[in-house]
Amino acid sequence: MRYTKDHQQAEEVANDTFLKVYHNIKRYDASRSFKTWLSRITANTCIDQLRKNKKTLVFAELNHEITSGVATNELTLNNNQKILPIIQSLPPQYKIVFNLYVFEEYNHKEIGEMLGISVNTSKSNYHRAKKIIIKKLHEMPEYSYLLNPAI
């Protein structure tokens, strides 16, 4: 759901992902993490889906500002359902880099290679995505106190 706009598209990506896993299971190297292998296939399937929809792929990163000064035990991006719509509302080019960088833990060089963009483009767009997310978090009364610990 972090990569897609709705459940239908997420189901399509999940189905495509598991079909790719099924067809390529013989290529899986058991000495490596299955989760990492599956995550890579999922991320690539999401990218393919966006390309299929002819969306522009120019990407951004999210940095420490979201969690700097935020009580991270109270605000977790992985589990918080109120954060998910903010991530989903990002322009596609920001959303994918955000997910790849923050959740999948790829670095900008890897993201650039995967998406066919420069490292600087990835970094630049990351900062734009970060600003959007922080702005939207500030607009949410239930999180405004988390972003400003002095209050």
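Is lysine 130 buried or exposed, going by its relative accessibility? At 3% relative accessibility, lysine 130 counts as buried, where buried means under 20% relative accessible area, exposed over 50% and partly exposed in between (1.4 Å probe, protein chains only). Here is a short tour of the predicted model around that residue and beyond. Residues are numbered from 1 along each chain as its sequence is written, and side-chain values use heavy atoms, with hydrogens and water left out. Because this is a predicted model, local features need pLDDT of at least 70 and side-chain atom pairs count only at pLDDT 80 or more, while totals for chains, interfaces and linings use all residues.

**Overall picture**

- The protein has seven helices and zero strands; helices (H or I, at least four residues) and strands (E, at least two) are DSSP runs, numbered from the N terminus.
- Read from the N terminus, the elements run α-α-α-α-α-α-α.
- Of the 151 residues in the protein, 40% are buried.
- Taking contacts between residues at least 6 apart in sequence, 73% join residues at least 24 apart; contact means heavy atoms within 4.5 Å.

**How confident is the model?**

- The mean pLDDT of the protein is 76, and 72% of its residues reach 70 or more; pLDDT is the predictor's confidence in each residue, from 0 to 100.
- Among the elements, H5 has the highest mean pLDDT (91), and helix H7 (residues 141-147) has the lowest (59).
- Over residues 54-76, pLDDT stays under 50, and the model has 75 contacts beyond four places in sequence for this stretch.

**Helix H1**

- Helix H1 covers residues 7-24; at 1.5 Å a residue its 18 residues should span 26 Å, and its end C-alpha atoms are 25 Å apart, which agrees. The expected span is 1.5 Å times one less than the number of residues.
- Gln9, Ala10, Val13, Thr17 and Val21 are the buried residues of H1. Seen down the axis, they fall within an arc of 110°, so they line one face of the helix; the arc is that of the directions from the helix axis to the C-beta atoms.

- Tyrosine 106 sits in the loop between helix H4 (92-103) and H5, and it is buried, with a relative accessible area of 9%.
- Setting aside neighbours within four places in sequence, tyrosine 106 is in contact with Ser39, Arg40, Leu100, Tyr101, Ile111 and Met114. Arginine 40 is 66 residues away along the chain, with 9.6 Å between the two C-alpha atoms.
- Asparagine 107 caps the N-terminal end of H5, with a side-chain oxygen 3.0 Å from the backbone nitrogen of lysine 109.
- In H5 (residues 108-115), the buried residues are His108, Ile111, Gly112, Met114 and Leu115. They cover an arc of only 165° around the axis, which puts them on the same side of H5.
- Lys109 and Glu113 are exposed on the other side of H5; for lysine 109 the relative accessible area is 55%.
- Between lysine 109 and valine 119, ten residues apart in sequence, the C-alpha to C-alpha distance is 5.4 Å.
- Glycine 116 follows H5, and its phi is positive, near 70°.

- Lysine 130 is found in helix H6 (residues 119-138). The 20 residues of H6 should span 28 Å at 1.5 Å a residue, and its end C-alpha atoms are 29 Å apart, which agrees.
- Ser122, Asn125, Tyr126, Ala129, Lys130, Ile133, Ile134 and Leu137 are buried in H6.
- The side chain of lysine 130 makes a polar contact with the side chain of histidine 127 (3.1 Å). A polar contact is a pair of N or O atoms within 3.5 Å; within protein, one must be able to donate a hydrogen and the other to accept it, and residues adjacent in sequence count only if both atoms are side-chain atoms.
- Tyrosine 126 is buried, with a relative accessible area of 0%, and its C-alpha atom is 6.9 Å from that of valine 97, 29 residues apart along the chain.
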